[in-house]
Amino acid sequence: MSRILLVDDDTEQTDMLSQYLANEGFTVDSAHDGETALAKARSGRFDLLVLDVMLPGKNGFDVLRELRLQSLLPVLMLTARDEDIDSVVGLELGADDYLPKPCNPRVLVARIRAILRRAGGNGPEHKAPQTLTVGDVELHTGTRNVLCAGRPLTLTSTEYSVLEVLLREAGQAVSKTELSERALGRKLTRYDRSLDMHVSSLRKKLGALAGGEERIKTVRGIGYQYTRP
Amino acid sequence: MRSLFWKMFLSFWVALLLFAGATLFTTSHYLEHAQRQNEASSPRERLMQSVIEAQLIAERDGVDGLKQWLRERDRREPLPLFLVDSDGADLLGRPLPASVNERLAREERTPRQGRVAPRPRLIIRLPDQREYRLLADFHGVTLGRVLARPRVLALPLILATLIGGLVCFLLARSLTAPLGRLRRAAEIYAAGDLSARVAPSLGGRRDEIADLARAFDHMAQRLQEIMSSQRRLVGDVSHELRSPLARLQVALGLARQRTEGRGTAELDRIELEAERLSDLIGQLLSLAKLESGVTTVAIQPVDLAELLEGVASDADFEARAHNRRVTLSSSVPAVIEGDARLLQSALDNIVRNALRYTADGTSVTLSLTREHAPTEHWCITIHDHGPGVPEAMLPLLFEPFVRVGDARDRASGGYGLGLAIAQRAIRLHAGEVSARNEPEGGLTVIVRLPVINPTV
């Protein structure tokens with residue numbers, strides 16, 4: 001049973017949502033401000049954090065930033081519908097996905113399940129533990145560890161999933177639609193920039209190839225391609 | 001000058017005074033000149049001079065030269081002269097005035113005799129021995145003749161033209177220049193720039209026009225305040241509506257869990273309406289943000305051709321389900337600096353609107369071209385095969401919640417915000433969007449985006 005921490009300053013909303021998630025089979029705890037949220041999230045008792053951006057005191061971004069210093073706990077950000085920039089900032093700070101508010105609780109549950117699948121390594125990609133090696137990058141599907149030139153990388157579960165799909169298809173272009181379905185576990189939506197953001201942070205973490213070439217290339221009009229050396 | 005009233009009053013007054021003065025001056029000058037001539041010689045002596053002149057002409061150029069000279073002289077001088085032959089007929093065939101006829105008759109009745117020294121006769125003799133007598137009609141010097149001689153009136157007329165012209169030019173310019181600025185400001189304001197003001201451009205002017213400009217600015221200021229507070233209200237209300245809506249959606253989810261499949265139709269309906277409400281609030285917030293200018297524009301190179309292709313193929317996918325198509329008829333490589341997401345949502349809104357109106361079984365046609373007039377710009381057209389829009393509605397098409405028809409729009413699910421959002425987004429990119437009815441039917445929406453670097 002997955003344990004979820006729900007952080008939102010609207011207590012009425014949180015109570016109802018907790019109940020809804022409980023009915024869907026999750027164990028739910030909630031927090032209504034940034035400090036409490038951070039303390040609870042760091043406790044290690046949770047599998048996933050649903051984090052609203054607008055919080056009194058320490059806002060959602062601050063919580064995420066501080067959390068990411070020491071934890072890879074999967075995070076789903078709830079952003080205001082009209083603040084596109086929020087989703088970008090959230091993903092840059094290492095959120096696994098985002099959902100604009102107000103949202104349909106069914107969609108929320110679907111997103112939570114997709115993230116948990118990725119984090120638990122139970123995705124459709126998962127069969128027997130194996131090691132993918134492309135150039136100097138090694139990805140161990142059993143332990144979900146990634147080594148780049150022998151150096152271990154710290155990736156969020158979503159970044160890991162995106163990299164895994166790209167490495168499996170290394171040398172070939174993967175369309176955004178396919179990447180979204182295989183790595184994020186959901187259909188690509190309109191104006192969705194989360195894939196671009198995840199790829200962008202992957203590029204930063206991986207660095208360029210020895211020759212200065214980009215590891216993950218943008219294939220115009222299609223999607224992304226991992227460069228096979 | 002403080003007041004336009006005094007400016008106009010004094011300008012006309014001074015112009016009239018100057019004109020009157022100039023007229024008086026030239027008239028008196030002319031009269032003095034004439035008097036000096038009179039003092040220098042008697043009228044008779046001056047007539048004698050004319051005779052000598054005429055005699056010279058007659059000997060040199062004959063009768064034709066004499067006629068020419070007489071016509072010339074008559075045009076110049078107010079005093080009418082006649083050259084009368086022995087039969088009493090004028091050289092130019094003019095009827096003789098009564099006073100001249102009388103004089104001729106009187107001389108005939110009293111023929112001159114030896115007791116009086118014969119006055120030298122004013123006679124011109126032609127080479128063929130014909131004789132003409134020069135007669136002056138002193139009663140013929142009328143005001144009409146004086147005024148009709150340009151030499152007398154030329155100076156006052158020139159002065160009137162110059163002085164009047166200069167004064168009127170300065171007056172007209174000082175009146176129309178600020179009015180032109182006022183008109184331009186009003187046009188800019190009407191075009192949507194609510195920060196347009198006039199008074200600062202009028203400098204230290206303090207007359208009625210400056211008052212008008214200040215009144216305009218005051219009105220503009222008030223309108224801007226009202227508009228922005230209204231926009232803020234729309235934004236705030238939409239914002240506040242989201243929390244209850246979010247709770248409503250969760251409550252709905254809970255109800256679904258609890259009923260386990262019973263009452264699904266009603267719950268589906270509630271969910272649909274909640275989604276609609278959510279969409280509407282989202283659109284209202286987008287519009288409020290675009291209008292308040294706080295939208296964060298992420299400027300980056302945007303491949304317009306690729307973006308349009310994406311919009312076309314996405315819309316086509318959805319349109320097929322409704323027996324309609326979206327096709328991209330022509331395209332050119334085009335890259336602009338802008339916010340891809342905003343541009344995409346703008347084009348998407350326009351294409352969706354076109355799809356809503358295009359007839360069943362027809363297609364919406366998109367094209368991307370480069371145009372050179374009036375400036376270098378990318379031109380995207382979105383043409384549908386629908387009923388078009390009444391001409392009077394065309395300029396209102398991009399206002400929020402403007403509907404062309406009623407029932408049909410509601411049934412097709414539009415909120416009347418799509419085109420308004422599109423226009424604001426295009427304007428943020430220094431572009432313009434317009435619409436026109438095609439003669440063969442259907443509406444074409446035209447999006448123009450400036451080519452930033454024409455050499456690319």
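Start with chain B: among its contacts between residues at least 6 apart in sequence, 68% join residues at least 24 apart. Keep in mind throughout that this is a predicted model.

**Stop 1: chain B as a whole**

Colour chain B by secondary structure and you will find eleven helices and ten strands. Chain B has 456 residues, and 22% of them are buried.

**Stop 2: the three-stranded sheet of chain B**

Now select strands S1, S2 and S3 of chain B, which form an open antiparallel sheet in the order S1-S3-S2. At the edges are S1 (81–84) and S2 (123–125) of chain B, each pairing on one side only. From one strand to the next the twist averages 30°.

Zoom in on S2(B) and S3 (residues 131–136) of chain B, an antiparallel pair joined over three bridges.

**Stop 3: a loop residue in chain B**

Move to Asn323(B), in the loop between helix H8 (304–320) and strand S5 (325–330) of chain B. Its phi is near 60°, a positive value in a residue other than glycine. Is Asn323(B) buried or exposed? Asn323(B) has 10 other C-beta atoms within 10 Å, so it is exposed, the cut-off for that class being 12 or fewer.

**Stop 4: where the chains meet**

Display both chains together. Here 20 residues of chain A are in contact with 21 residues of chain B. On the chain A side, select helix H1 (11–23), helix H4 (84–92) and helix H5 (105–120), each of which supplies at least two residues. H1(A) gives the most, with seven residues. Coloured by class, the side of chain A that touches chain B shows seven nonpolar, five polar and eight charged residues.

**Stop 5**

For a closer look, pick S3(A) and S4 (residues 75–80) of chain A, which pair in the parallel sense over four bridges. Within S4(A), Leu78(A) is the bridge partner of Asp52(A).

**Stop 6: helix H2 of chain A**

Stay with H2 (residues 34–42) of chain A and show the side chains. Which residues of this helix are buried? They are Gly34(A), Ala37(A), Leu38(A) and Ala41(A). Because these residues cover an arc of only 95° around the axis, they lie on the same side of H2(A).

Just after H2(A), look for Gly44(A), which takes a positive phi of about 80°.

**Stop 7: two loops of chain A**

Go to the loop between S5 and H5 of chain A, where Pro102(A) is found. The peptide bond from Lys101(A) to Pro102(A) is cis, with omega near -5°.

Then select Ala149(A), in the loop between strand S8 (145–148) and strand S9 (151–153) of chain A. Ala149(A) has a positive phi of about 55° although it is not a glycine. With 12 C-beta neighbours inside 10 Å, Ala149(A) counts as exposed.

**Stop 8: two crossing helices**

Finish with helix H6 (residues 157–168) and helix H8 (residues 194–206) of chain A. Their axes come within 10 Å and cross at roughly 85°, and H6(A) and H8(A) are therefore roughly perpendicular to each other.

To see the contact, show these residues:

- From H6(A): Thr158(A), Glu159(A), Val162(A) and Leu163(A).
- From H8(A): His198(A), Val199(A), Ser201(A) and Leu202(A).

By class, the residues of this contact divide into four nonpolar, three polar and one charged.

Notes:
Residues are numbered from 1 along each chain as its sequence is written. Chains are lettered from A and ligands numbered from 1 in the order in which they are written. This is a predicted model: local features need pLDDT of at least 70, side-chain atom pairs count only at pLDDT 80 or more; totals for chains, interfaces and linings use all residues. A residue is buried if 20 or more other C-beta atoms lie within 10 Å of its own, exposed if 12 or fewer, and partly exposed in between; C-beta atoms are placed from the backbone. The arc is that of the directions from the helix axis to the C-beta atoms. Two strands pair if DSSP finds at least two bridges between them. Two residues are in contact if their C-beta atoms, placed from the backbone, lie within 7 Å. Ala, Val, Leu, Ile, Met, Phe, Trp, Tyr, Cys and Pro count as nonpolar, Asp, Glu, Lys and Arg as charged, and the others, Gly among them, as polar. Axes are lines fitted to C-alpha atoms, for helices over the stretch in contact, and angles run from 0 to 180 degrees between N-to-C directions. Angles under 35 degrees count as roughly parallel, over 145 as roughly antiparallel, 65 to 115 as roughly perpendicular and the rest as oblique.
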